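Visitor: Hi, I'm new to this one. Can you walk me through some of its side chains?

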Amino acid sequence: MESTLLQSDPEMLIEAINNTWILVATFLIFFMHAGFAMLEAGQVRSKNVANQLTKNLLTWSVGVTVFFLIGVGVESVVAGGSFEPAFTGDASSWIGWLYGAVFAMTAATIVSGAVAGRAKLRAYVTYTFLLAAVIYPVVTGITWAGGHIETLTGTPFADFAGGMIVHGMGGIAGLTAAWVLGPRMDRYNDDGSANVIPGHSLTFAVLGTLILAFGWYGFNVGTSAIVGEGAFLGDQLGRVAMTTTISMACGAMGAGFVAWLKTGKVDTLYVANGLLAGLVGITAIPDTAAWWGAFVVGGLAGAQLPIVFEFVEQKLKIDDVCAVFPVHGSAGILGTLLFPFVAAPGVVDSVANAFVAQVAGVLIITAWTVGATALIWFAFKAVGQARVTPEHERDGLDVSEHGVDTYPEFGKPEVATDGGTAGTEVLRPDGGNPNGGEIKMVTAIVRPDRLGAIKTALADAGAPSLTVTNVSGRGSQPAKKGQWRGEEYTVDLHQKVKIECVVADIPAEDVVDAISEGAHTGEPGDGKIFVTPVESAYQIRTGKTGTDAV
């Protein structure tokens, strides 16, 4: 039996399988950008969704081309070689470049979540350019490519898949940029207390979380080779898959548990963010951690999330919109530093030496990232290009930066399909002098869900003409409590609809009775009805005035 596969050179076969594996892992990591887009879009206000999506699209588009043209060459120089950009290599080396590029763009896109809602698009894109060209390549040049930390400490710096090099660096960069920019409008009161600004879609946030978790297998497991010499690679592959999964699960449970201890409720967003923190925590060490170490790293990475977020918000007064530092920054640092303490037997010769190398790596990466990021954003701020104007921030970045409305219909709902009927004919009483010959305006503030019944009742009363407006307000209905990322906030402006009905030949009392009948539930918040005189009326089409116009 002839087989081209069996007749192939074993080394060529191994290379082909490895390249295919690397590309599959690369595509999985690229798909994480869909997760980042959904996660961040869900955590911002509806008026800033398109801006956040655009930033995610441009992070990839700008960053990956800059990394190809400049970033790879800078990494080579920092590692101790010459400036050799990716386009000077052969086709085979381009696979390695692409694999490195998706890691670089993951670090870049993390920053967008921290500066959401107020950073100018041009400033963010420029920062992405510089991060892909210089900031991130310097980090990889002193670690993965150059091994300079090992030269400094005498012990290798352990970061298998980028827990500190990618995620820790991205989280620190995001926190630094958010600090320089300052908080969103209305985020803090004059006395320093924080106001909660909930994101617009918890559904999007959870969907993005699960997409990221799926792509993370490319991040961690993809870094392990399937084919190679020795049995260790098979053990490593299984270990990475196991520790990644366990740490992910424990991160979600750890964050949920601490949120429950703090508020008495298991906060959904904290559970989602904790799942990601567990993944970040193990990313530096999935190949070396013992099975029980995955439980420790994941649980601690999730548990620190609510605590660190509260510290950043309450003590540092930094508005980290998507919690990128507690999810990526502090979780990445934690997992990296835990390496010698949770390693499998036989992995670490000296806990002290290994810990020194890990601390050195964390400090060097942090110092470089904070310094470079702060310098860039302070420069933007100095020339007035870091932040949008207060008017644009208030209106939303979707309109001011892109001229679009993400939800042209649903964001500003037009109440129509409410089940009510307007009637097929207009009933007019003959004779009599209702309302004393005057025109009356009947105005009602009612529950939105009662609109259909009210329309039907008005049609039955012979007054089908009405104007409906979506409003919010406060009356006798008690305030409601909401929660966003473990923090409680008060909702005392309730969503209502305002119904206006002008009548002349129909008794205003009949209209009041009809609205009251349709709106009544017997619970606080049913609303109120007001009757006021109208001085005059004018019908545009016919020119009629007074009661004839009504």
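Guide: Here is a short tour of rings, charges and one glycine.
Guide: This is a predicted model, where local features need pLDDT of at least 70, side-chain atom pairs count only at pLDDT 80 or more, and totals for chains, interfaces and linings use all residues. Residues are numbered from 1 along each chain as its sequence is written, and side-chain values use heavy atoms, with hydrogens and water left out.

Visitor: Okay, rings then. How many aromatic pairs are there?
Guide: The structure has 14 aromatic pairs. Rings of Phe, Tyr and Trp (its six-membered ring) pair if their centres lie within 6.5 Å; planes under 30 degrees apart are stacked, over 60 edge-to-face, and the rest tilted.

Visitor: Why is the pair of Phe-257 and Trp-260 called tilted?
Guide: Their planes sit at 35°, with the ring centres 5.9 Å apart, so the pair is tilted. Both residues belong to helix α9 (residues 232-263), three residues apart, about one turn of the helix. Helices here are DSSP runs (H or I, at least four residues) and strands are too (E, at least two), numbered from the N terminus.

Visitor: Is Phe-257 buried or exposed, or in between?
Guide: Phe-257 is partly exposed at 47% relative accessibility, and Trp-260 is partly exposed at 43%. Buried means under 20% relative accessible area, exposed over 50%, and partly exposed in between (1.4 Å probe, protein chains only).

Visitor: And what about Trp-377 and Phe-380?
Guide: Their planes are at 85° and their centres 5.3 Å apart, so that pair is edge-to-face. Trp-377 and Phe-380 sit in helix α14 (residues 351-382), three residues apart, and both are buried.

Visitor: Which residues do ring pairs link into a cluster?
Guide: The cluster joins Tyr-99, Phe-103, Trp-144, Trp-216 and Phe-219.

Visitor: Where does the charged end of Arg-187 sit?
Guide: Over the ring of Tyr-188, 5.5 Å from its centre. Lys-55 lies over the face of Tyr-124, at 5.7 Å from the ring centre. A charge counts as over a ring if NZ of Lys or CZ of Arg is within 6 Å of the ring centre and within 35 degrees of the ring normal.

Visitor: Switching to salt bridges: how many does a search of the whole structure find?
Guide: Eight salt bridges turn up, each being a side-chain nitrogen of Lys or Arg within 4 Å of a carboxyl oxygen of Asp or Glu. One of them joins Arg-184 and Asp-319 (2.7 Å, N to O). Arg-184 is in the loop between α7 and α8 (202-220) and Asp-319 in the loop between α11 (291-315) and α12 (324-337), so the bridge ties together parts 135 residues apart in sequence.

Visitor: Are those two buried or exposed?
Guide: Buried: Arg-184 is at 10% relative accessibility, and Asp-319 is at 1%.

Visitor: Which side chain does Arg-447 meet in a salt bridge?
Guide: Arg-447 meets Asp-526 (2.9 Å, N to O). That pair links distant parts of the chain, 79 residues apart. Arg-447 is buried at 16% relative accessible area, and Asp-526 is buried at 15%. Elsewhere, salt bridges that share partners join Arg-184, Arg-187, Glu-313 and Asp-319 into one network.

Visitor: You mentioned a glycine. Where is the place of Gly-171?
Guide: Gly-171 is in helix α7 (residues 163-181) and counts as buried at 0% relative accessibility.

Visitor: What does Gly-171 touch?
Guide: Leaving out residues up to four places away in sequence, Gly-171 touches Ile-110, Val-324, Phe-325, His-328 and Gly-329. Contact means heavy atoms within 4.5 Å.
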